[in-house]
Each structure stands twice: as structure tokens, then as C-alpha cells.
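Subject: Handover of a structure and findings

Dear colleague,

Please find below the structure that I am handing over to you. I would be grateful if you could read it together with the notes that come after it.

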Amino acid sequence: MIWVFYLFDFDFTCVIISDSGLVLCWIFASIAEVFKRIQLLAMAATFRAFLNSPVGPKTTHFWGPVANWGFVAAGLADMQKPPEMISRNMTGAMCVYSALFMRFAWMVQPRNYLLLACHVSNETVQLYQLSRWARSQGYLSPEKKEEAKSQ
């Protein structure tokens, strides 16, 4: 006689060939439950280690980069605006700011990879915005270069 049991609590399927296999299925299900609990404990320990780490959410090394992602979000939102609205001075200042803080994030101990990723993203967005401004002003167009060469 073949019995099939689906033990959803354990993400475990048991196929029993005979009546005596019920004990074997229960043992496998118990082992699966033990492994699941060990995995949950390991995840809890990892999360606890992150909470108490030098760059965890209890420090400014975490919340500073989280707040700086707002600059990236604002730059991404500004991509929908016309290039005439881009401020050359502010975009240039943001490029310098992000470049300086990329170095800071790399040199500070412990290294702050979250801050580094934030400023790399911001630098990319701001350089793109600066290129949009330059293109709209005619600095990056091939026609401007040809006119300069002919004069």
C-alpha cells in the first residue's frame, strides 16, 4: 500500500510504501524541522550581528548613506525635466561633493560600502545631468566643434 503525505509545515513530502514507513516519515519530518530551526537561528544571529556592527543601523555610518540616497532619487526624478532647468553650478557642486565623499567612504575605518555605493550612484546621475545641460547649451554637439574649427 502506498501513502503520500504532504507536510506543509515542514516543506516536506513523504511517500510511504508500507504501514511501518510512517515512523520513517515522521523522523524525516522531524529532521527537516530541526534544520529549519537551525537556519532561523543562524539568520537571527546574522541579523543581530548586522544590528550591532560598526556600520549597522545603530550608527551614523548607516543612516548617513540612507539619507544620501535622497540625492540619487532627486537626480533620477530630474531626468524627466527639460535640460534648461538644470543648474550647472548645483550639478557641478554635487559632482564634487560625491567625488569627495566616495574617497571618504573608502578611507574611513571600517569601510562604508553603503556610503560608497550611494555616492557612486549619485556621481553617475549628476554627471549624466551635467552632460544633458552641456548638450542643451551646445557644448557637446558636433556642429559647434565644426564651427570652431572653420573660424
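The following paragraphs set out how the model was treated and what was found in it.

This is a predicted model, in which local features need pLDDT of at least 70 and side-chain atom pairs count only at pLDDT 80 or more, while totals for chains, interfaces and linings use all residues. Residues are numbered from 1 along each chain as its sequence is written, and side-chain values use heavy atoms, with hydrogens and water left out.

Confidence. The chain has a mean pLDDT (the predictor's confidence in each residue, from 0 to 100) of 81, and 75% of its residues reach 70 or more. Over residues 1–10 the pLDDT is below 50, although this stretch has 29 contacts in the model beyond near neighbours in sequence; a contact means heavy atoms within 4.5 Å. Where pLDDT is low, the predicted coordinates should not be read in detail.

Overall architecture. The chain contains two strands and five helices, in the order β-β-α-α-α-α-α along the sequence. Helices (H or I, at least four residues) and strands (E, at least two) are DSSP runs, numbered from the N terminus. Of the contacts between residues at least 6 apart in sequence, 50% join residues at least 24 apart.

Surface. The chain exposes about 10,900 Å², of which carbon and sulfur atoms supply 68%; accessible areas come from the Shrake-Rupley method with a 1.4 Å probe, and for residues only the protein chains shown count as cover. Ile38 is found in helix H1 (residues 21–51) and counts as partly exposed, at 48% relative accessibility.

Two loop residues. Ser53 is placed in the loop between H1 and helix H2 (60–78), and is buried at a relative accessible area of 18%. A polar atom of the Ser53 side chain lies 3.0 Å from the backbone oxygen of Phe50. Asn112 is found in the loop between helix H3 (88–107) and helix H4 (113–137), and is buried with a relative accessible area of 4%. The side chain of Asn112 reaches the backbone oxygen of His61 at 2.8 Å. Leaving aside neighbours within four places in sequence, Asn112 is in contact with His61, Pro65 and Ala105.

Yours sincerely

How values were computed: Buried < 20%, exposed > 50% of the residue type's maximum accessible area, 1.4 Å probe, protein only. Polar contact = N/O pair within 3.5 Å; in protein donor to acceptor, adjacent residues only side chain to side chain.
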